[in-house]
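Welcome! Here is a friendly walk through one protein chain and some of the contacts between its side chains. Have a look at the sequence and the model first, and then read on.

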Amino acid sequence: MEYQRAQEIVASPSEFEVSYNGVSVWIDKLHDNGKLATVHLRHSLEERSEVDISELKEEYPVQ
């Protein structure tokens, strides 16, 4: 995923299905360097990880 698209998803009132290594995640925060994002598993708020934005994949909008 590109940084600009990640910004659009984070700012959108709509919900989007985003995955990291095939696992559904929620983007919590984009880092100022334009390369990293903090994400958590969609159904678990406890564990957060910093990942490379380029490894995030937009699957489809959630209806």
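With which side chain does the side chain of Arg42 make a polar contact at 3.0 Å? The partner is the side chain of Ser24. A polar contact here is a pair of N or O atoms within 3.5 Å; within protein, one must be able to donate a hydrogen and the other to accept it, and residues adjacent in sequence count only if both atoms are side-chain atoms.

Before going further, please note that this is a predicted model, in which local features need pLDDT of at least 70, side-chain atom pairs count only at pLDDT 80 or more, and totals for chains, interfaces and linings use all residues. Residues are numbered from 1 along each chain as its sequence is written, and side-chain values use heavy atoms, with hydrogens and water left out.

**Around Arg42**

Arg42 sits in the loop between β3 and β4. Helices (H or I, at least four residues) and strands (E, at least two) are DSSP runs, numbered from the N terminus. Arg42 is buried, with a relative accessible area of 16%; buried means under 20%, exposed over 50%, and partly exposed in between (1.4 Å probe, protein chains only). A polar atom of the Arg42 side chain also lies 2.7 Å from the backbone oxygen of Phe16. Leaving aside neighbours within four places in sequence, Arg42 is in contact (heavy atoms within 4.5 Å) with several residues, among them Glu17, Val18, Val25 and Trp26.

**Salt bridges**

How many salt bridges does the structure hold? There are five, where a salt bridge is a side-chain nitrogen of Lys or Arg within 4 Å of a carboxyl oxygen of Asp or Glu.

| Pair | N to O distance |
|---|---|
| Arg5 and Glu58 | 2.9 Å |
| Glu15 and Arg42 | 2.7 Å |
| Arg48 and Asp28 | 3.1 Å |

The salt bridge of Arg5 with Glu58 links distant parts of the chain: Arg5 belongs to helix α1 (residues 3–11) and Glu58 to strand β5 (residues 56–61), 53 residues apart. Arg5 is partly exposed at 26% relative accessible area, and Glu58 is partly exposed at 29%. Arg5, Glu8 and Glu58 are linked in a network of salt bridges.

Arg42 returns in its salt bridge with Glu15. Glu15 lies in the loop between α1 and β1, while Arg42 is in the loop between β3 (36–41) and β4 (48–52), so the pair ties together parts that are 27 residues apart in sequence. Glu15 is partly exposed, with 34% relative accessibility.

In the salt bridge of Arg48 with Asp28, Arg48 comes from strand β4 and Asp28 from strand β2, 20 residues apart. Both are partly exposed: Arg48 has a relative accessible area of 45%, and Asp28 one of 28%.

Is strand β1 (residues 16–20) mostly covered or mostly uncovered? β1 is mostly covered, as four of its five residues are buried. Three bridges join β1 to strand β2 (residues 23–30), and the two run antiparallel; strands pair if DSSP finds at least two bridges between them. Tyr20 has Val23 in β2 as its bridge partner. The two strands form a hairpin with two residues between them, and Asn21 in the turn has a positive phi of about 55°.

**A charge over a ring**

Finally, Arg5 lies over the face of Phe16, at 4.9 Å from the ring centre. A charge sits over a ring if NZ of Lys or CZ of Arg is within 6 Å of the ring centre and within 35 degrees of the ring normal.
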